[in-house]
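The exercises that follow ask you to read helix packing, a chain interface and salt bridges from a structure. Please work through each task before turning to its solution.

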Amino acid sequence: MSELAVEVKNLTKVFATGLLKQYVVAVDNLSFDVKAGEVYGLIGPNGSGKSTTMKVVLGLMAPSKGSAKVFGLDSGDIRARNEIGFLPENPYFYKHLSGAETLKFYGKLCGLKGSELKDRIGYLLDLVGLEEAADRRLGGYSKGMLQRIGLAQTLIQNPRLVILDEPTAGVDPVGSRQIRDLILRLREDGFTVFLCSHLLEQVQEVCDRVGIIFKGRMRREGQLDELISVEDQHAMTLEGASPELIEKIHALVEEEKGAKLIESGHPRTTLERLFISIAGDKEKGEKS
Amino acid sequence: MSIVLQKVPRTILVLIGLILFGLIRTPFEDNARKGLVDSGMLLPPPGLSAMDQLSQSALMGTLGGLRSLVATYLVLEAYEHFSNKDWEELRNTYNVVVALEPYDESHWVSATWHLGINATANMELDEKLPKFERDRRFKEYAFQGIEFAERGMEQLPESYAIPVQMAEIYREKLEDNCATARVYKNAMDLPGAPGYLRRFYGYFLANCPGSEQEAYDHLIGLYREGRHQHKATLIKEIKNLEKKLDIPWSLRISDPDPDVESMKRRNRPESLPGGLSLPQ
Amino acid sequence: MSEESSEKSLRAPAKAVPLFSFARVWTIASSTVTQLVRMKTFYFLLAFALIIVGIGNFNIPATPAKELSMIKKVAFGTMDLFAWLFAIISTALLIPRDQEDRTLYTILSKPVRRIEYLFGKLFGVLAVVATSLVAMFVICAIMIYSRETLYVSAEIQAMEANAQYTPEEMQAQVELIRQQGLRPELTVAVLASFLKASVVAAVTIFISTFASSSLFTIIISILVFLIGHAHSLLSNYWTTQTDNIFVIQAVKVIKVIIPNFQLFSFSEGIVQGAPIIAAVLWQMVGLTGGYLIVYVLLSLLVFVDKEF
């Protein structure tokens, strides 16, 4: 049995709101595991309990009931947090620090020091392409640069588990594609990735497994192919087929008892793919 | 412990913590306060009357731990009252000042000086008031100055400057030689008191009816201390007393009469420190 | 992507981290100092210097010794005021701002204990307050010393012109002025102001853990500070003015709950020349330490459950 990076068991989180202490159940008896080395996506609409679950795993919130463990350690234990690199939805850092100082600050908090810290900062600045802006204060960074320094900060202590909160929210499709590539590279490098998102499309391309959460409860969980494949249907995409061949196929289907052709026509790309190919063509044209 | 943290609301725990700490620290703080107040490092709380007189901003300043700042500001304000010859306001202001900084000797001396010397002098000169009113206020201010000095002496029993200022009122304004002598006597043995106070006590006692013998004993004692005490005024006063008390010739001092000598040398007699004149 | 091999292999566990680390407290404290410095908080020293120059040019109607004493009192009083006000404002800007900007979110998701964060912030503020106090003291010292030198030379000139004073008498007069001038004991007055500002900072951190904004923290802290100066007034004045049992009990509760800031105003006495009793001074240092520890622990009690 492979090691568990995240282990959430019967997690319930109740918030008391207002002066009259009305209780709201944000997460209701939720259980799931994230295996070491996999990319796990927790998906669901806004307000479904994803962020609360993530904050419990990060140790920023205590569970009302149940437990959350990271590599076997209780999520409230600071040793568990040393295994986690966390990239929030919007990176929140001190604006008065430069990029390099930000990484130094977070590195020191993780116990790094001396040449080890210095090398790590240099490596990460290079990785996210911010060597040039290393000494500029974060107050002068663009949103994209902040996202990149945020990512560098996430990886500063070389953690085993990377938690990403809505990693592509508010990012343009090109940036979104880069982040997806990055997640895949993280998996290649042996990181465990746990991400939360309300955008199903991005999740389906990178996640090994997903959990669908709604109103604080796990509705479906499993491997993506299993979840989205329709067992009693079969799709076929043809290229260069003549109208005669199409006719023949129609006739064969009609001959078969119980079989029915549901859809036939030209396949469509996703709007996102279309945009990226147009943007890519435009860039090539400009360069030539 | 963790069960307590989970079950008891945080507000209650924080309150319990605050109360416990409050109860534990109170005896420590009382002890520290005593040490601080006794050494003069911490000023005692201002009196009730002073609190009533403080303006709102001065009260806030006082509560904000800025008593010295407020007191200094009020001293400057008092100087304004002095410039405007507004003696009632001056007295009220100094009442607050000494309540805020009771250990500052200069406040007591200044208040005594302003009321006992300046305010009374102003009454001697103020032509706008009828004579009777001026005389009445003259006495009133003189006694207000004395009253300030008495309060100061009670607060700072080691201070010689306050009784010296008080003696000046008795001497210059009320012309009460007996009271002047009594005050000098109180001041002359205090720590740091200048040597002339012992002579002054003798000079004014010599002019206090019924105290001549006591004055003679005191002055002759000073005379016998050595040449450094043989000031012209001292010799003159001893000579006067020898005559008054009919001291036998054999016991009289041999120095010549300084007045006669000065007539001879056409020299001026010794003047008292600060250019003071001697009582008649 | 990484310096590790590209073939898929799981990553090694993280290095062990200590459960409590002074290094992390130090990291947060030094970052707080950088933050306060870069927020240009030290500009207030410029304002202070201007005030001190203004005070130095006061023309007070008094003898030189008295005038010097008044200048000294006002200068040190202003220094004390700046110290505690600075402690409140800078502390109030730190934690609530970290919450508002959600910087706390990223800090606490690293292996940092909340108590380390609180101590780090407190020590950072104290370091800046201490530095400011030293700078303010230097400004005051320069002003007082220059006035003192001026007065002494003027007095010597006047006495020499009069030609009737012995060298001993002249020395005594100079000593009278020097006593009101720059004396080594004044450094203890600076320490007293620092102790007061430290307690104020600890109380402000406590308030900021449950306050919703910086402004709210500042207002409540100043209010607590003012009430904290009324301890003896409360017992001497209000309780003697009323028979109302409710008022008397309320006063008792306030005295137990609100810190006694009046006790920390002993820099005034030192500036006025009161003798410094080492034992009492140590008592106050101990009491300050007690306040710091208890208030950070109380802050933790609120802060540990805080969810971001």
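**Exercise 1: a helix pair in chain B**

In this predicted model, the axes of helix H8 (residues 131–155) of chain B and helix H9 (residues 161–173) of chain B come within 9 Å and cross at roughly 160 degrees. Determine how H8(B) and H9(B) are oriented to each other, and find the residues that make their contact.

*Solution.* Start from the crossing angle of roughly 160 degrees. Angles over 145 degrees count as roughly antiparallel, and therefore H8(B) and H9(B) are roughly antiparallel to each other. Next comes the handedness, which is left-handed where H8(B) passes H9(B). On the side of H8(B), the contact is made by B:Phe138, B:Ala142, B:Gly145, B:Ile146, B:Ala149, B:Glu150, B:Gly152 and B:Met153, while H9(B) brings B:Ile162, B:Pro163, B:Met166, B:Ile169, B:Tyr170 and B:Lys173. Sorted by class, the residues of this contact between H8(B) and H9(B) are ten nonpolar, two polar and two charged.

**Exercise 2: a helix pair in chain C**

Repeat the analysis for helix H3 (residues 64–100) of chain C and helix H6 (residues 167–179) of chain C, whose axes come within 8 Å.

*Solution.* The axes of H3(C) and H6(C) cross at roughly 15 degrees. Because angles under 35 degrees count as roughly parallel, H3(C) is roughly parallel to H6(C). The crossing of H3(C) and H6(C) is right-handed. By class, the contact of H3(C) with H6(C) holds five nonpolar residues, one polar and one charged.

**Exercise 3: the interface of chains B and C**

Describe the interface of chain B and chain C by its residues in contact, its buried area and its salt bridges.

*Solution.* Begin with the residues: 44 of chain B are in contact with 56 of chain C. The area buried between these two chains is about 4300 Å², and carbon and sulfur atoms give 69% of this area. Two salt bridges are found across the interface of chain B and chain C. A salt bridge joins the side chains of B:Glu101 and C:Lys73, with 2.6 Å from N to O.

**Exercise 4: a salt bridge within chain A**

How many salt bridges are found over all chains, and which parts of chain A does the pair A:Asp28 and A:Arg217 link?

*Solution.* Over all chains, the search finds 29 salt bridges. The side chains of A:Asp28 and A:Arg217 meet in a salt bridge at 3.0 Å, N to O. This pair links distant parts of the chain, since A:Asp28 lies in strand S2 (residues 22–35) of chain A and A:Arg217 in strand S10 (residues 217–223) of chain A, 189 residues apart.

How values were computed:
Residues numbered from 1 in each chain as written. Chains lettered and ligands numbered in written order. Predicted model: local features only at pLDDT ≥ 70, side-chain atom pairs only at ≥ 80, totals over all residues. Heavy atoms only, no water. Axes fitted to C-alpha atoms, helices over the stretch in contact; angles between N-to-C directions. Helix = DSSP H or I, 4+ residues; strand = E, 2+ residues; numbered from the N terminus. Parallel < 35°, antiparallel > 145°, perpendicular 65-115°, else oblique. Left-handed = near helix turned anticlockwise from the far one by under 90°. Contact = heavy atoms within 4.5 Å. Nonpolar A, V, L, I, M, F, W, Y, C, P; charged D, E, K, R; others polar. Buried area = accessible area lost by both parts, 1.4 Å probe. Salt bridge = Lys/Arg side-chain N within 4 Å of Asp/Glu carboxyl O.
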